[in-house]
Amino acid sequence: LEIGALGPNAGACLAIPLLFLGLLHSEARPPSGASEGIKLGSTLVLELLCLLRFGHFSVEWEILLHPTALAAWFGLFVTSMNLLPIGQLDGGHVTYGLFGARPARLISWAALVCLIPLGIFLWPGWLVFGVMTLILGLRHPPPLNPYTDLDARGRILGWTAVILFLICFIPVPLSAIP
């Protein structure tokens with residue numbers, strides 16, 4: 001659990017302040033409707049920081065992200081993908097540590113099943129990611145010491161990673177602007 005949770009938690013401790021720093025140098029403007037290009041999806045963290053910085057949510061305005069904010073956005077996106085509660089991913093390690101082998105296996109399958117409608121209806125990349133996780137495997141290897149219970153510090157670390165996944169997950173990471 002600690003190995004699975006410490007990396008994403010440490011990365012978020014760097015990425016979230018950098019996202020805000022980048023937003024300080026970003027520009028917000030009313031939606032023009034004439035933009036072409038790629039629209040980045042939003043997260044709870046991004047929406048809260050936009051509200052703090054601009055006084056409104058990013059879904060209401062066009063936010064032209066500074067490169068620092070863009071890099072932090074990608075960092076949080078990769079973190080959320082890595083925290084999916086599937087097999088060998090860090091989220092799989094956290095799930096295994098918090099809940100044990102059998103619940104972790106069920107949660108892995110449930111997460112994989114959830115990727116299918118996400119991929120069909122929202123963003124096709126989730127289907128690709130689902131196939132990759134099937135290739136890598138949904139099973140988590142047994143720990144070296146399955147007998148020692150998780151202490152309070154480990155549970156806090158694990159639940160912090162779960163919360164981080166929830167606030168950073170982007171159902172539609174990228175979309176084309178017509």
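How far does the backbone nitrogen of V45 lie from a polar atom of the side chain of T43? The distance is 3.3 Å.

This is a predicted model: local features need pLDDT of at least 70, side-chain atom pairs count only at pLDDT 80 or more, and totals for chains, interfaces and linings use all residues. Residues are numbered from 1 along each chain as its sequence is written, and side-chain values use heavy atoms, with hydrogens and water left out.

**View 1. T43 in the loop between β2 and α2.** Here β2 spans 37-40. Helices (H or I, at least four residues) and strands (E, at least two) are DSSP runs, numbered from the N terminus. The side chain of T43 reaches the backbone nitrogen of L46 at 2.9 Å. A polar contact is a pair of N or O atoms within 3.5 Å; within protein, one must be able to donate a hydrogen and the other to accept it, and residues adjacent in sequence count only if both atoms are side-chain atoms. T43 has 7% relative accessibility, so T43 counts as buried. Buried means under 20% relative accessible area, exposed over 50%, and partly exposed in between (1.4 Å probe, protein chains only). Leaving out residues up to four places away in sequence, T43 touches I167, C168, F169 and I170. Contact means heavy atoms within 4.5 Å.

**View 2. Helix α3 and what covers its buried residues.** α3 has 16 residues. From first C-alpha to last, α3 reaches 22 Å, close to the 22 Å expected at 1.5 Å a residue. The expected span is 1.5 Å times one less than the number of residues. Buried residues of α3 include A69, A72, W73 and L76. The cover over the buried residues includes α1, β2, α2, α6, α7 and β4 (174-177).

**View 3. Aromatic rings in a cluster.** Rings of Phe, Tyr and Trp (its six-membered ring) pair if their centres lie within 6.5 Å; planes under 30 degrees apart count as stacked, over 60 as edge-to-face and the rest as tilted. By this rule there are nine aromatic pairs. The W73 and F74 ring centres are 4.8 Å apart and the planes stand at 85°, so this pair is edge-to-face. W73 is buried, at 4% relative accessible area. F74 is partly exposed, at 37%. The pair of F165 and F169 is tilted, with 5.4 Å centre to centre and 50° between the planes. Both F165 and F169 are buried. Ring pairs link W73, F74, F77, W123, W126, F129, F165 and F169 into the cluster.

**View 4. The largest nonpolar core, with 39 residues.** A nonpolar core is a set of buried Ala, Val, Leu, Ile, Met, Phe, Trp, Tyr and Cys residues joined through side-chain atoms within 4.5 Å. L19, L23, L84, L115 and W126 touch the most other members. Helices that each supply at least two residues include α1 (2-24), α5 (101-122) and α7 (152-168). α3 gives the most, with six residues. Leaving aside neighbours within four places in sequence, L115 is in contact with L84, I86, W126, L127, F129 and G130.

**View 5. Cysteines and zero disulfides.** A disulfide is a pair of cysteine sulfur atoms within 2.5 Å. For the sulfur of C50, the closest cysteine sulfur is in C168, 14 Å away, too far for a bond. C50 is buried, at 0% relative accessibility. The sulfur of C114 is 18 Å from the closest cysteine sulfur, also in C168, and that is too far for a bond. C114 is partly exposed, at 46% relative accessible area.
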